[in-house]
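Good morning, and thank you for coming.

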Amino acid sequence: MPDTPRPRQPIKPGFFTVPDDPAQAPKLLGTRCDTCGEYFYPRRAVCAKCMSRKTSEVELDARGTLYSYTFVHLPLFGSTNMEHADGYGVGQIDLPEGPRIQSPLAGKQAEFKVGQALEGELAVLRDDGGTDIMIVRFRPVGEARQ
Amino acid sequence: MREVAILGVGMHPFGAYYSGKSNAEMSLVAGLGALDDAGLTFADVNAAYAGHIFATVMSGTRIMKEFGLTGIPVQRIENASATGSAALREAYLAVSAGHYDVAMVLGFDKMTTMIQSGTAGTAPENMEDAILPAGFFAMWATRRMHERGTKPEHLARIAAKNFNNGAHNPMAQRQAKEHITPEKVLASGMVAWPLTRMMSCPIGDGAACAIVGTVEMAKKLRPGRPVVKIVASTLQSERYERGHIFQGPVVGPARMSVDSSNAVYEQAGVGPKDLDMVQVHDAFVIEELEYYELLGLCKTGEAEKYIEEGAFEIGGSLCAVSTDGGLIARGHPGGPTGLAQIWETTLQLRGEADKRQVRRKNGDLPRLGMCHMMGGGSVCVIHLLQRA
């Protein structure tokens with residue numbers, strides 16, 4: 001008998017999908033303006049560019065290029081959940097549709113370079129009474145490009 | 001619209017006092033100091049604006065009772081780091097419009113209490129809050145290094161300048177006992193790469209106060225003393241551009257500082273070359289570097305060259321910046337921070353800044369100063385102060 005998969009849920013609803021199939025990558029929950037075509041993350045009701053109220057909910061692939069990044073050596077206030085020994089990475093990632101998002105990074109500082117391709121993955125932040133609480137992190141794919 | 005002057009300023013030294021000092025205690029020192037400086041009593045005050053971020057509800061109205069109970073309107077103003085600046089702007093607008101002749105602007109906060117109680121806006125449960133301010137501004141630095149070849153040494157030089165300015169400011173939280181070198185700044189421990197501890201503002205407490213009134217009152221109350229006028233004021237929020245970041249308690253696009261500074265230059269009929277000194281929101285040193293260019297003190301891409309020349313030091317070739325130590329050394333408790341900039345600029349324009357006094361190349365006292373603050377969310381608030 002295979003083990004029953006542990007239930008997984010996002011740390012906060014409304015930001016990304018947690019597919020039933022653990023092999024599948026998460027999708028980012030965004031918005032596209034029906035009037036001017038601008039994309040946004042996270043979701044919003046009114047277009048920030050043309051202020052149209054005609055907007056659609058879209059799922060965006062979790063991939064993009066690294067605009068900037070850092071490794072933080074301060075603990076989050078009250079947090080014991082993230083590893084701080086070598087700092088934890090956070091980055092700003094440009095999605096091909098236009099939005100610039102902020103996300104934790106997976107990997108060591110030496111693996112990151114401005115302009116490189118990244119892809120998002122789900123990671124377990126903590127166990128909440130038998131349910132895995134999931135976050136999205138981005139890690140490098142392929143070669144850094146200029 | 002009437003001309004508006006800074007009638008008086010006062011401060012309680014910034015510091016990490018924890019339970020040692022209450023907001024009321026610090027506010028009394030700052031507020032009574034400002035009233036004395038103006039030559040007024042609380043009975044002369046027509047309205048009060050209290051700026052605090054972290055203190056609980058009612059704090060502003062309750063603390064104002066320490067000065068007296070005269071029935072005047074008391075209004076709390078909050079706009080993150082720009083709280084004190086935003087409160088000053090409300091007083092400026094009200095006096096300018098003729099609603100009041102004398103308005104008191106009081107800023108106070110105890111960031112040490114906020115940290116201890118764990119009621120920060122940053123909680124591990126909020127994924128978007130994984131980006132702390134230090135991390136956010138560190139990403140400005142990483143990007144700048146990528147685009148312009150900026151070195152950590154450039155950042156360290158700015159921090160060293162601010163520490164050494166702060167050493168001459170009795171109100172500064174960080175009082176360097178020796179001359180601070182860039183090497184010491186670089187070796188002070190990493191906060192968020194490439195920003196070190198000495199490139200980041202400290203956590204602290206404090207209070208600051210400005211009394212705002214008409215120019216006529218300023219002349220009458222303190223005859224013979226230079227009158228310091230507020231000649232321009234702006235508060236702007238973000239404008240959307242592609243690449244705007246919507247997550248987290250961030251500080252907005254670079255364009256905010258460009259647009260806001262252009263607005264005050266236009267209001268006052270001046271340009272960046274007319275500035276004798278500038279106070280900026282240097283919560284992290286990379287900000288000060290960017291603001292040199294965004295406020296027009298030098299051209300885009302030239303900041304590093306001028307930093308190497310010491311152009312932004314007191315007596316430097318371009319314009320003295322963060323003369324009181326800035327947020328890095330003077331400190332950044334929250335509510336009072338923007339008013340500490342007003343305190344500093346007012347003293348400088350009057351020629352009362354002692355060992356850190358800015359002078360023009362011909363030896364004259366400075367005439368025009370800028371106070372620039374950013375508030376998370378985000379807003380940019382700028383005031384121009386001019387000696388009449």
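Read along its sequence, chain A runs β-β-β-β-β-β-β-β-β. In total, chain A has 9 strands and 0 helices; here helices (H or I, at least four residues) and strands (E, at least two) are DSSP runs, numbered from the N terminus.

Before I continue, a word on conventions. This is a predicted model, in which local features need pLDDT of at least 70 and side-chain atom pairs count only at pLDDT 80 or more, while totals for chains, interfaces and linings use all residues. Residues are numbered from 1 along each chain as its sequence is written, chains are lettered from A and ligands numbered from 1 in the order in which they are written, and side-chain values use heavy atoms, with hydrogens and water left out.

Let me stay with chain A. How much of chain A is buried? Of its 146 residues, 45% are buried, where buried means under 20% relative accessible area, exposed over 50%, and partly exposed in between (1.4 Å probe, protein chains only). The accessible surface of chain A is about 7600 Å², and carbon and sulfur atoms hold 49% of that surface. Such areas come from the Shrake-Rupley method with a 1.4 Å probe, and for residues only the protein chains shown count as cover. Among contacts in chain A with a separation of 6 or more, 50% are between residues 24 or more positions apart; contact means heavy atoms within 4.5 Å.

A:Ile101 is found in strand E7, residues 100-105 of chain A. With a relative accessible area of 2%, A:Ile101 is buried. Which residues does A:Ile101 contact, leaving aside neighbours within four places in sequence? They are A:Leu28, A:Tyr41, A:Gly91, A:Gln92, A:Ile93, A:Leu95, A:Phe138 and, from chain B, B:Gln247.

I turn now to chain B and its helices. Two packed helices are described by the angle between their axes and the distance between the axes. Helix H5 (residues 133-148) and helix H10 (residues 285-294), both of chain B, pack at about 60 degrees with their axes 9 Å apart. Axes are lines fitted to C-alpha atoms, for helices over the stretch in contact, and angles run from 0 to 180 degrees between N-to-C directions. H5(B) and H10(B) are therefore oblique to each other; angles under 35 degrees count as roughly parallel, over 145 as roughly antiparallel, 65 to 115 as roughly perpendicular and the rest as oblique. On the side of H5(B), the residues that meet H10(B) are B:Phe137, B:Trp140, B:Ala141 and B:Arg144. Their partners in H10(B) are B:Ile286, B:Glu287, B:Leu289, B:Glu290, B:Tyr291 and B:Glu293. By class, this contact of H5(B) with H10(B) has 6 nonpolar, no polar and 4 charged residues. In this scheme Ala, Val, Leu, Ile, Met, Phe, Trp, Tyr, Cys and Pro count as nonpolar, Asp, Glu, Lys and Arg as charged, and the others, Gly among them, as polar.

H10(B) also packs against helix H6 (residues 152-166) of chain B, at an angle of about 100 degrees and with the axes 9 Å apart. That angle makes H6(B) roughly perpendicular to H10(B). H6(B) contributes B:Leu155, B:Ile158, B:Ala159, B:Lys161 and B:Asn162, and H10(B) contributes B:Val285, B:Ile286, B:Glu288, B:Leu289 and B:Tyr292. The residues of this contact of H6(B) with H10(B) divide into 7 nonpolar, 1 polar and 2 charged.

Next, the backbone of chain B. Where is there a cis peptide bond? One joins B:Trp193 and B:Pro194, with omega about 5 degrees, and B:Pro194 is in the loop between strand E5 (190-192) and strand E6 (195-196). Another joins B:Gly377 and B:Ser378, with omega about 20 degrees; B:Ser378 lies in the loop between strand E11 (368-375) and strand E12 (379-387).

B:Ser322 is not a glycine, yet its phi is positive, near 55 degrees. B:Ser322 is buried at 0% relative accessibility. B:Asp354, likewise not a glycine, has a positive phi of about 55 degrees, but B:Asp354 is exposed at 62% relative accessibility.
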